[in-house]
Amino acid sequence: MTPRPKPRAARDTSPASGPARDTSGVAPPADPPLTERQEARRRAILRAATQLAGKGGFEAVQMREVAETSQVALGTLYRYFPSKIHLLVATMQDQLQRLHRTLHRNPPAGDNPSTRVADTLMRAFRALQRDPLLADAMVRALIFADRSVSAEVDTVSRLTTAIILDAMRLDSPPTADQLSAVRVIEHTWHSALVTWLSGRASIAQVRLDIETACRLIAED
């Protein structure tokens, strides 16, 4: 295998909900695309992380165990994902990408944007609810992520923004006010997920909070 020079976040072309973090004015060089073999290896690593987290949560995702489960060398694993946090945030990216594809096939119902967004986020929540140990591991990774994981965390945010904007079905690019509302909705969804995982909120309370935040979306 040709070693990858550095880890990277999953590709994402969805609209950002805020300014880019890099303010240098110089665009970073694009990473070369993965070969089929490299992509297959990356998928195997993500499957292993998902399996281990689903069985034992955050603590069960140990890099040596991931390497053994995915049948890659430990050094190879670290070339793809330099830490457990990078790996679990990438797992969150993968889960959101799967959700996005599902929503394209089966879009949310509803006569107005706020209803469709609330329905979308509750579907995402129920998907995580079915595998609470995995959900807890991914959310903890997002909470623990430092600057070294900023690109991956930004990708998670952009994917979430894209899912919400798709549910809104806007006829034109989102306004600054709409993007601000989307950010508040994202924060509310994340906070509701954290409080539910910690046992401090019921499913009914999560739904109420999400529906309340979604009312910020102004209808045309």
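# Reading burial, helices and a cavity

Reader: Why does Asn112 count as buried?

Author: The general idea is a cut-off on relative accessible area, and a residue counts as buried when that area is under 20%. In this predicted model, Asn112 counts as buried because its relative accessibility is 18%. Asn112 belongs to the loop between helix H4 (84–105) and helix H5 (113–129), and its side chain makes a polar contact of 2.7 Å with the side chain of Ser114.

Reader: How much of the protein counts as buried, and how many helices and strands does the protein have?

Author: The protein has 220 residues, of which 43% count as buried. There are nine helices and zero strands, and the order of elements from the N terminus is α-α-α-α-α-α-α-α-α. When contacts between residues at least 6 apart in sequence are considered, 74% of them join residues at least 24 apart.

Reader: How should I read the length of a helix, and what span does H1 reach from its first C-alpha to its last?

Author: The idea is to set the reach of the helix beside the span expected at 1.5 Å a residue. Helix H1, made up of the 21 residues 36–56, reaches 30 Å, close to the 30 Å expected. Just after H1, Gly57 takes a positive phi of about 75°. The buried residues of H1 include Gln38, Arg41, Ile45, Leu46, Ala49 and Leu52, and among the elements that cover the buried residues of this helix are helix H2 (63–70), helix H3 (74–80), H4 and helix H6 (132–144).

Reader: Which residues is Thr91 in contact with, leaving aside its neighbours within four places in sequence?

Author: Such a list shows where a residue meets other parts of the chain. Thr91 lies in helix H4 and counts as buried because its relative accessibility is 0%; with those neighbours left aside, its contacts are Leu46, Ala49, Thr50, Leu134 and Met138. Leu46 and Ala49 are also among the buried residues of H1. Another residue of helix H4 is Gln93, which is buried with a relative accessible area of 1%. The C-alpha atoms of Gln93 and Glu152 are separated by 7.9 Å, although these residues are 59 residues apart along the chain.

Reader: What volume does the largest cavity have, and which residues line it?

Author: A cavity is a space where a probe fits but cannot get out. One cavity of 30 Å³ or more is counted, and the largest has a volume of about 40 Å³. Its lining consists of Leu96, Leu99, Leu121, Ala124, Thr160, Ile163 and Trp189. The elements that each give two or more residues to this lining are H4, H5 and helix H7 (150–168).

Reader: Which residues does UniProt list for "DNA-binding region"?

Author: The unreviewed UniProt entry lists residues 62–81 under that name. In the model this span is 75% helix and 0% strand, and its end C-alpha atoms lie 12 Å apart.

Methods:
Residues are numbered from 1 along each chain as its sequence is written. This is a predicted model: local features need pLDDT of at least 70, side-chain atom pairs count only at pLDDT 80 or more; totals for chains, interfaces and linings use all residues. Side-chain values use heavy atoms; hydrogens and water are left out. UniProt positions are given in the numbering used here, feature names are shortened, and annotations may be inferred rather than shown by experiment. Helices (H or I, at least four residues) and strands (E, at least two) are DSSP runs, numbered from the N terminus. Buried means under 20% relative accessible area, exposed over 50%, partly exposed in between (1.4 Å probe, protein chains only). A polar contact is a pair of N or O atoms within 3.5 Å; within protein, one must be able to donate a hydrogen and the other to accept it, and residues adjacent in sequence count only if both atoms are side-chain atoms. The expected span of a helix is 1.5 Å times one less than its number of residues. Contact means heavy atoms within 4.5 Å. On a 1 Å grid over the protein atoms alone, a cavity is a set of points where a 1.4 Å probe fits but cannot get out, and a pocket is an open set with protein on both sides within 12 Å along at least five of seven lines; lining residues have an atom within 4 Å of a point. Grid points are joined across faces, edges and corners, and a volume is the space filled by probe spheres set on the points.
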